[in-house]
Amino acid sequence: MKKRVILMGPPGGGKGTQAKSLTAAMHIPHISTGDMLRAARREGTELGKQADRYISAGQLVPDDLVNGIVAERLSSEKDGYLLDGYPRTIAQADALEAAGEKIDAVVLIDVPDELLVERIVNRESCGQCGAVYHKLTMPSKKPGVCDVCGGALVQRADDNEKVVRDRLVAYHAQTQPLVDYYKSRGLLFHINGNAAVDVVFEEIRKALEF
Ligand code: ADP
């Protein structure tokens, strides 16, 4: 089983949804820089305050801020992990390599841009447990209430059409170059993300050999 895994893909591509199932099945921690940055923002830490204006504008948070929190977290993970939303730039990938982390696989979930905007503006998630829903295609049983834990469903402030378009621009400009970076290292697995959630999961399971 490949246990040091990077999950890559555009915003709304299904990384968060797959990450939850994968980490449960593989018994490895889910390390999401988006979640870490949002937690810092909620707690009002210095990092959270600095990150806020980038997140709200759909831009990437500067590399040195993100590299710092990831390095700290990874140093305590010796038995594998699933990285979700990191690295997102070549500089971040270089920092990960320089830290001596040996990645086993990079899973790229690919979804066409026109589908992503529709997915994201209809996305809501549980404020308590993080479960993700789609208002039209995967609604909760009771509107606004999480099926899993009964928590209130919320929409992320950056999940609106204007900010999503800026996040897609950032993805294509800054994150897409990582595809070649990891392809040239023989680590890349290309997965079609325009398929049912369980079909995508099965494709990833095969790639990661578990
Ligand atoms: P999505 O993949 O849907 O855009 P994330 O939760 O991964 O959502 O990220 C939300 C925001 O957090 C990004 O738009 C960006 O501002 C910031 N962010 C997350 N990860 C990184 C990273 N590795 N480098 C820079 N900024 C990041």
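Colleague: How far is a nitrogen atom of the ligand from an N or O atom in the side chain of Thr33?
Modeller: This is a predicted model, in which local features need pLDDT of at least 70 and side-chain atom pairs count only at pLDDT 80 or more, while totals for chains, interfaces and linings use all residues. Residues are numbered from 1 along each chain as its sequence is written, and side-chain values use heavy atoms, with hydrogens and water left out. A polar contact with the ligand is a pair of N or O atoms within 3.5 Å, and for Thr33 the distance to the ligand nitrogen is 2.8 Å.

Colleague: Which residues are the closest to the ligand?
Modeller: Counting a residue as near when one of its heavy atoms lies within 4 Å, 19 residues surround the ligand. Arg123 places a polar side-chain atom 3.3 Å from a ligand oxygen, and Arg167 places one 2.8 Å from an oxygen atom of the ligand. The closest residues are Thr33, Arg38, Gln59, Gln92 and Arg167.

Colleague: Are H2 and H4 roughly parallel or roughly perpendicular to each other?
Modeller: Helices are DSSP runs of H or I with at least four residues, strands are runs of E with at least two, and both are numbered from the N terminus. The axes, lines fitted to C-alpha atoms over the stretch in contact, with angles from 0 to 180 degrees between N-to-C directions, come within 11 Å for H2 (residues 33–43) and H4 and cross at roughly 105 degrees. Angles under 35 degrees count as roughly parallel, over 145 as roughly antiparallel, 65 to 115 as roughly perpendicular and the rest as oblique. H2 and H4 are therefore roughly perpendicular.

Colleague: Which residues in H4 meet H5?
Modeller: The axes of H4 (residues 63–74) and H5 (residues 90–98) come within 10 Å and cross at roughly 30 degrees, and these helices are therefore roughly parallel. Taking contact as heavy atoms within 4.5 Å, the residues on the H5 side are Ala91, Gln92, Ala95 and Leu96. Their partners in H4 are Asp63, Val66, Asn67 and Leu74.

Colleague: Is the peptide bond from Tyr86 to Pro87 cis or trans?
Modeller: Most peptide bonds are trans. Pro87 lies in the loop between strand S3 (81–84) and H5. With omega near -5 degrees, the bond from Tyr86 to Pro87 is cis.

Colleague: What is the phi of His27?
Modeller: His27 belongs to the loop between helix H1 (15–26) and strand S2 (30–32). Its phi is positive in a residue other than glycine, with a value near 55 degrees.

Key. A polar contact is a pair of N or O atoms within 3.5 Å; within protein, one must be able to donate a hydrogen and the other to accept it, and residues adjacent in sequence count only if both atoms are side-chain atoms.
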